Amino acid sequence: MGLTKTEIFSEKQNRLATLFKVLGHPARIAILQHIINQKACICNDLVEELGLAQATISQHLKELKNIGIIKGSIEGKSVCYCIDEKVWKTVQDELGLFFTQDIQSESCC
């Protein structure tokens, strides 16, 4: 397998790439949308809601938690997750800056 050479890119470029990679799976988007639509923390209802295996959902939650976009707590057998509002705002800002860059190509294709 080839090297990705992430060290030659800026911290900001690597962060955006990681965000896009994690957000690039439809199950993770569905998880985030479900949590957002609940307007509260969710506890153990994703398997029924999404129709995916518990192990699959756990892996997706782990990826979302690794980038900090969700946070969770474990109380006995109950695991609750919610959006980390501070990180969510940072992600909004980073993606907003990326997508609002002006494109100025007068002679292209």
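This is a predicted model: local features need pLDDT of at least 70, side-chain atom pairs count only at pLDDT 80 or more; totals for chains, interfaces and linings use all residues.
**Overall fold and surface**

- The chain has five helices and three strands, and from the N terminus on these elements run in the order α-α-β-α-α-β-β-α.
- Of the 109 residues in the chain, 27% are buried, while the accessible surface of the chain comes to about 8,200 Å², with 54% of that area belonging to carbon and sulfur atoms.
- When contacts between residues at least 6 apart in sequence are considered, 54% of them join residues that are at least 24 apart.

**The largest nonpolar core**

- The largest nonpolar core holds 20 residues, and the members that touch the most other members are Leu32, Ile35, Leu61, Leu64, Ile69 and Ile70.
- Two or more residues of this core are given by each of the elements α1 (11-23), α2 (26-38), α4 (54-66), β3 (78-83) and α5, and the largest share, four residues, comes from α1.
- Isoleucine 69, leaving aside residues up to four places away in sequence, touches Leu23, Leu32, Leu64, Cys82, Ile83, Asp84, Val87, Trp88 and Val91.

**The disulfide**

- The count of disulfides comes to one, and this disulfide joins cysteine 43 to cysteine 80 with an S to S distance of 1.9 Å.
- The pair links distant parts of the chain, since cysteine 43 lies in strand β1 (residues 42-43) and cysteine 80 lies in strand β3, 37 residues apart.
- The torsion about the S-S bond of cysteine 43 and cysteine 80 is about 105°, so the disulfide is right-handed.
- Cysteine 43 counts as partly exposed because its relative accessibility is 35%, whereas cysteine 80 is buried, with a relative accessible area of 16%.

- Cysteine 41 is in no disulfide, and the nearest cysteine sulfur to it, that of cysteine 82, is 3.2 Å away; a disulfide would require the two sulfur atoms to be within 2.5 Å.
- Cysteine 41 is partly exposed, with a relative accessible area of 45%.
- Cysteine 82 is likewise in no disulfide, its nearest cysteine sulfur being that of cysteine 41, and cysteine 82 is buried because its relative accessible area is 15%, where buried means under 20%.

Technical notes: Residues are numbered from 1 along each chain as its sequence is written. Side-chain values use heavy atoms; hydrogens and water are left out. Buried means under 20% relative accessible area, exposed over 50%, partly exposed in between (1.4 Å probe, protein chains only). Contact means heavy atoms within 4.5 Å. Accessible areas come from the Shrake-Rupley method with a 1.4 Å probe; for residues, only the protein chains shown count as cover. A nonpolar core is a set of buried Ala, Val, Leu, Ile, Met, Phe, Trp, Tyr and Cys residues joined through side-chain atoms within 4.5 Å.
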